[in-house]
Amino acid sequence: MTITELMPFSVLVPLIASLVCALLPGRFWPWAVTLVAVIVSAVIAAFTLPAAAQVTLSYAFGNWPPPIGIEYRVDAANAFVALLVAGMAAVALPWAKKSVDKEVPERQGAFYALFLLALSGLLGITLSGDAFNIFVFLEISSLATYGLIAHGSDRRALLASFRYLIMGTVGATFLLIGIGFLYIMTGTLNLADLAERLPEVRDTSTVRAALAFIIVGMGLKLAMLPLHLWLPNAYTYAPSFVTVFLAGTATKVALYVMLRFVFTVFAPDWSFVVLPLSTVLMILGVAGMFAGSWVAMFQPNIKRMLAYSSVAQVGYMVLGVSLVSVIGLSAAFLHLFNHALMKTALFMAVGTVIYQVGSARLKDVRGLGRTMPWTLTAFALAGLSIIGVPLTAGFVSKWYLIQAALDQGQWFLVVLILVTSLMAVIYIWRVIEAAWFQERSIKQPDVGEAPLALLIPTWILVALNFYFGIDTRLTVGGATAAAEALLGGGMTP
Amino acid sequence: MMTILSFINYWVVVVLMMIGFYCVIARGNMAKKVMGLNLFQTSVFILFISAGKIVGGSTPILREGVEMYSNPLPHVLILTAIVVGVATTAVGLALAVRINEAYGSIEDDHLGDEDDGDGQ
Amino acid sequence: MRENGILRVVARFLIPLIMLFGLYIQFHGEYSPGGGFQAGIVFAAGWILFALIYGLDAALKVIPERAMYVLMVAGVILYCAVGIAGVVLGGHFLDFYPLLAGKHAAQQFGIITVEFGVGVTVATVVMLVFTLFARRKSEWKAAKVEDE
């Protein structure tokens, strides 16, 4: 079997495993089946990336030739995102066992089945080359995600899940409207075919409306600033493992879909001209960076603080996109990858605290630096990455972002990036201060260090943060290849 | 006048879409929000189905004496989208039932974030 | 509703017809309009009518909840199995041509099997959704009575 024939199985294996999982009783077997499926999926994704970077892979389902049948079309950009999603799931799953046992004690078969459905949905979005198929996979992953969030032990998880359902469905339906307009104008749903046929009809208001609908719809799923309202509650009240998984993957995939449509389907020399997309994205990106960081500085709950920080980090990615250059887009992809690394590590550390203490409020973390040194050191080190200290992954992506801004002579963006990084220092510092420089009150119970099953995966991610801060061959190479694949090999705005 | 009437499907789509969207935004009751969402999605279904109609075209079943067929693809797509819509409705209502059990109300305005007192 | 004679008689007359019509749509799906989705919904509608009139407990005796879970998964697994059979026999996923020697027969076999899987899953999922909602209400009421 060649890699082209194997590549769809990174979606199919989790999908089929989820069926098995749904029927398995107990606590061990659902997890074990999930782990095997996720690792198989991640290995396939890892082999796909180098192959896809050389030549675009295409797999026709049912052997129907592409414009008619559904096609998986994988170039460097999809393969990069797919590897990120599958890889994050594979790293998070060993961590999940203990945390899920504690937070979701019952019916774990259904829980892991939902997780696998969400994963295969996200992977399906990235690999598919068919616009309608993307919509279907988007809904598969979204519906599974609503179910996962509702598993949170706090009753507000239900509210958060419902509100996310409303906003997420509106977003997905907007995407469907956009796809419908494109189909009406061109008569095709295949992304590559769409890109070929659109230039003839693209000077119509229908196509312009399609672009607007797709951007707003994906902006909702992406949590771009004014459309981010679902994110903080969903991340705060979901079970820790769900937050860990979502923070690293869900918004990234939505960003990928947006980029795929804006850059591949509508060529960037059209989509950035017909709408003032560059300006709008830049303003929203910068506003997201500021508002997210600003609100994060005042949150009493660490999970919610990190959720707002995610809104800010999405702002960096959107800013990178708005520069419409290979280096700007590479910076966006780099930050997509690096943010997944650091936010997953941070949420894992917080999840470990929740496992031991039962809460993620800032006042419950007081004095934990002495009793849980390994957990909170991991948090602090991953925090360095989110601030963007040199030798961490966060530094690399911010460095590229700054270079992209300087490349276009927009030095004020550099100032803004530095200021928001300083705000990140403040909100990370608040946790460190509480953990090491405040006394634990007598009323609060003493806790010891967390079990190794939680610590080891967390530290692996922290180590990865530093590894990718020093050895940037994989990340920068992959991100540049992805950016070039989207821009069609170098173009000027 | 004729141009307006000849696009009657699309006018219906727009009106339904706005009613549904308004319902989603303005109504506090979660059951009504789900209904609005359904209406919103249904309008998009009509948009797709309208696009599949070919004037003078027959039902897309192969048989003798018929030359022109309507486009069957939008129907197939919308069949899938309807299933997605049903699943969304089921999940939404299930959540509403659980919220009703947990809070005793499904009026969104009455359910704040602060009432559990851990300072969010 | 259980004591209403008209409802009971009409339902007794209608339910077999509804289910028969569901099966008709199912097994004519590859040549004429129809298929697994529609058939599953129609079939499940017959069962739901039964449950509404004769009560959920009687309806769950016909198809126990556990059986619904298993059938729900079995339908999708049948679908995937046909897909993977195409891969094992040397084609692509969901490729029907390698399944049988004749091209026509292979397509027909593939479609019927896949649609049967779809039909089973859709029918059981709809039944399950109905069951979970219906039972939830009675459970909740019982819990409320206990509280009072």
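Is the crossing of H18(A) and H19(A) right-handed or left-handed? In this predicted model, the crossing of these two helices is right-handed (a crossing is left-handed if the near helix is turned anticlockwise from the far one by less than a right angle, and right-handed if clockwise). The model is predicted, so that local features need pLDDT of at least 70 and side-chain atom pairs count only at pLDDT 80 or more, whereas totals for chains, interfaces and linings use all residues. Residues are numbered from 1 along each chain as its sequence is written, and chains are lettered from A and ligands numbered from 1 in the order in which they are written.

The predictor assigns the complex an ipTM of 0.91 and a pTM of 0.93. For chain C, the mean pLDDT (the predictor's confidence in each residue, from 0 to 100) is 87, and 94% of the residues reach 70 or more. Helices (H or I, at least four residues) and strands (E, at least two) are DSSP runs, numbered from the N terminus.

In chain A, the axes of helix H18 (residues 393-407) and helix H19 (residues 411-437) come within 7 Å and cross at roughly 155°. Axes are lines fitted to C-alpha atoms, for helices over the stretch in contact, and angles run from 0 to 180 degrees between N-to-C directions. H18(A) is therefore roughly antiparallel to H19(A) (angles under 35 degrees count as roughly parallel, over 145 as roughly antiparallel, 65 to 115 as roughly perpendicular and the rest as oblique). A:Lys398, A:Leu401, A:Ile402, A:Ala405 and A:Leu406 of H18(A) meet A:Trp411, A:Leu413, A:Val414, A:Ile417 and A:Ser421 of H19(A), where contact requires C-beta atoms, placed from the backbone, to lie within 7 Å. By class, this contact has eight nonpolar residues, one polar and one charged; Ala, Val, Leu, Ile, Met, Phe, Trp, Tyr, Cys and Pro count as nonpolar, Asp, Glu, Lys and Arg as charged, and the others, Gly among them, as polar.

Helix H4 (residues 76-103) and helix H11 (residues 240-265) of chain A pack at about 160°, with axes 7 Å apart. H4(A) is thus roughly antiparallel to H11(A), and their crossing is left-handed. The contact of H4(A) with H11(A) comprises 13 nonpolar, four polar and two charged residues.

A:Leu123 is located in helix H5 (residues 108-127) of chain A. This residue counts as buried because 32 C-beta neighbours lie inside 10 Å (20 or more other C-beta atoms within 10 Å define buried, 12 or fewer exposed, and values in between partly exposed, with C-beta atoms placed from the backbone). Residues up to four places away in sequence aside, A:Leu123 touches A:Ser10, A:Val11, A:Ser41, A:Ala82, A:Val85 and A:Ala86.

Two leucines have a positive phi. In A:Leu391, phi is near 80°; A:Leu391 lies in the loop between H17 (373-387) and H18 of chain A and is partly exposed, with 13 other C-beta atoms within 10 Å. In C:Leu94, phi is near 65°; C:Leu94 occupies the loop between H4 (65-88) and H5 of chain C and counts as buried, with 22 C-beta neighbours inside 10 Å.

Between chains, 27 residues of chain A contact 30 residues of chain B. H7(A) supplies the largest share of the chain A side, 15 residues.

Technical notes:
Two residues are in contact if their C-beta atoms, placed from the backbone, lie within 7 Å.
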